[in-house]
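Hi,

Here is the structure I promised to send over. Have a look at it first, and then read my notes below.

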Amino acid sequence: VTSYKLQSNKGYLLIELMVAISVFVIGVLGFVGLLSNSLSLNREVADKFTANYLAAEGIELTKNLVDANILDGGAWNTGNGGSFNGNKCFEIDYTSNSSDSMKFNPCNNNSVAPNFLRYSSSAGYNYSIGNNTPFYRYVRVSPVAGAGNDQIKVESVVAWQGRGNSQNQITLEDYFFNPL
């Protein structure tokens, strides 16, 4: 009678072990899935932060160009590509503090920047050296209705392809006034 009870209890240890392993594996897989999703969302937030920084830099570079025009004695509302008094779209970057190194090139006809920004640890974000990034940046400059030559609207747009092939875009806007 006793040996019969021992034999019937032998299978319970194996079943308990399988249940415990199953619960452990499900817990670990849930944690790994949560960690993976968290890392992916972290990347998305980092991309938005970088895009916001790049858009703000586009506004600042345009302001630097306006300031350089004033210091050089030229018209305040011109760029290397001509007057800002028209709906124009430009890629803009600089590689040093000199206004001579600032590049202000027309975009394509669709007002979309044709070139990826590149990143180099020595030069930062630019169009000429470093590794490609997922970011495009362009600055759109247009006159303000009724302001004549005394005010321009500057929009800095950064676009990139994000998580799940989503198309993302950040647009910052500022207005510049004739200081003279």
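Helices (H or I, at least four residues) and strands (E, at least two) are DSSP runs, numbered from the N terminus.

Before the details, a caution: this is a predicted model, where local features need pLDDT of at least 70, side-chain atom pairs count only at pLDDT 80 or more, and totals for chains, interfaces and linings use all residues. Residues are numbered from 1 along each chain as its sequence is written, and side-chain values use heavy atoms, with hydrogens and water left out.

The exposed surface comes to about 11400 Å², with 56% of it from carbon and sulfur atoms (Shrake-Rupley method, 1.4 Å probe). Taking contacts (heavy atoms within 4.5 Å) between residues at least 6 apart in sequence, 45% link residues at least 24 apart.

Now the sheet. It is open and has three strands in the order β6-β5-β7, paired antiparallel (pairing takes at least two DSSP bridges between two strands). β6 (124-126) and β7 (131-132) are the edge strands, each pairing on one side only. Two bridges join β5 (residues 118-120) to β7, and Tyr 119 sits opposite Asn 131 of β7.

Asp 47 counts as buried because its relative accessibility is 9%. Beyond its neighbours within four places in sequence, Asp 47 contacts Phe 135 and Trp 160.

Cheers

Conventions
Buried < 20%, exposed > 50% of the residue type's maximum accessible area, 1.4 Å probe, protein only.
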